[in-house]
Amino acid sequence: MEDKKDCPNKRSSMVWSKDKDLILLKEVAALGVLTHKQRSRERGLGWQSVADNVSTLGQAVTLRGVRERYSLAAKKYCAQMAKEERATGEGGEEMTEYEKLMEELINIEDETDRQMETECAARSQRIENEREQALEMRERAMERLGETKKRVGMTSESGPPQRRRRSGDMMEWLQQRVELEKEERELKQAEKREHVEMQMNQHLELLQ
């Protein structure tokens, strides 16, 4: 029977240390992971590349593992910096390579989050503006339709009652009827476009 010791050993899970933490930060910085939006496909692929590169050290690590390790290290660093500032009223000693990298990555992530918030606010404002424009178009169409109906009504009621319309009156009445039907169609099309645009915007919001 083959001894289990002779079987190839699988790489054990990562045991983190200061040196490996520094390597992790260098990989995150080099691959630009934090320049991509949170929960985006690009950031996920970046974390996977970091995990693959760190795993070459001889111990396996997953995408989730490197992401959570960085998040924990960043929180500890921020807490440490806040503590030092409260104690001394200013920064501590000269920054180490690890601290410089961590400071840079935190600033990059903060800037990415600010850009994302700005884009979300601009997108929401654009959707609101489009909705207001659609409502305004609908109101104008309704006003035109009301004016046309009123004009047609006044024309049909004016003058003495006649058993038969003269040819000229009939042509005018038909033209007004065509205009009224045209404006009704335009109103329905505007409402349909408004509905489709709102559905598309909602769909895009969900995807993003």
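The paragraphs below lead through a predicted model of one protein chain, from its overall make-up to single residues.

Because the model is predicted, local features are considered at a pLDDT of at least 70 and side-chain atom pairs only at pLDDT 80 or more, while totals for chains, interfaces and linings use all residues. Residues are numbered from 1 along each chain as its sequence is written, and side-chain values use heavy atoms, with hydrogens and water left out.

The chain has five helices and zero strands, where helices (H or I, at least four residues) and strands (E, at least two) are DSSP runs numbered from the N terminus. Read from the N terminus on, the order of elements is therefore written α-α-α-α-α. Of the 208 residues in the chain, 22% are buried; here buried means under 20% relative accessible area, exposed means over 50%, and partly exposed lies in between, with a 1.4 Å probe and protein chains only. Contact means heavy atoms within 4.5 Å, and among the contacts in the chain between residues at least 6 apart in sequence, 69% join residues at least 24 apart.

Helix 1 covers residues 18-31, which are 14 residues, and reaches 20 Å from its first C-alpha to its last, close to the 20 Å expected at 1.5 Å a residue. The expected span of a helix is 1.5 Å times one less than its number of residues. The buried residues in helix 1 are Lys20, Asp21, Leu22, Leu24, Leu25 and Val28. After helix 1 comes glycine 32, whose phi is positive, near 60°.

In the loop between helix 1 and helix 2 the reader will find arginine 39. Its phi is also given as near 60°, a positive value in a residue other than glycine, and arginine 39 counts as exposed because its relative accessibility is 74%.

Helix 2 comes next, and its 15 residues should span 21 Å at 1.5 Å a residue, which agrees with the 21 Å between its end C-alpha atoms. Within helix 2, the residues Arg43, Gly46, Trp47, Val50, Ala51, Val54 and Ser55 are buried.

How do these two helices lie against each other? Two packed helices are described by the angle between their axes and the distance between the axes. Helix 1 and helix 2 (residues 41-55) pack at an angle of about 140°, with their axes 10 Å apart; axes are lines fitted to C-alpha atoms, for helices over the stretch in contact, and angles run from 0 to 180 degrees between N-to-C directions. The two helices are therefore oblique to each other, since angles under 35 degrees count as roughly parallel, over 145 as roughly antiparallel, 65 to 115 as roughly perpendicular and the rest as oblique. On the side of helix 1, the contact is made by Leu24, Glu27, Val28 and Leu31, and on the side of helix 2 by Gly46, Trp47, Ser49, Val50, Asn53 and Val54. These contact residues divide into six nonpolar, three polar and one charged, where Ala, Val, Leu, Ile, Met, Phe, Trp, Tyr, Cys and Pro count as nonpolar, Asp, Glu, Lys and Arg as charged, and the others, Gly among them, as polar.

Although arginine 138 and alanine 190 are 52 residues apart along the chain, their C-alpha atoms are separated by 6.9 Å. Leaving aside residues up to four places away in sequence, arginine 138 touches Leu187, Glu191 and Glu194. Glutamate 139, also placed in helix 4, is exposed, with a relative accessible area of 52%.

Finally, glutamate 183 is found in helix 5 (residues 167-207). Glutamate 183 is buried because its relative accessible area is 15%, and, not counting residues up to four places away in sequence, glutamate 183 touches Arg144, Leu145 and Thr148.
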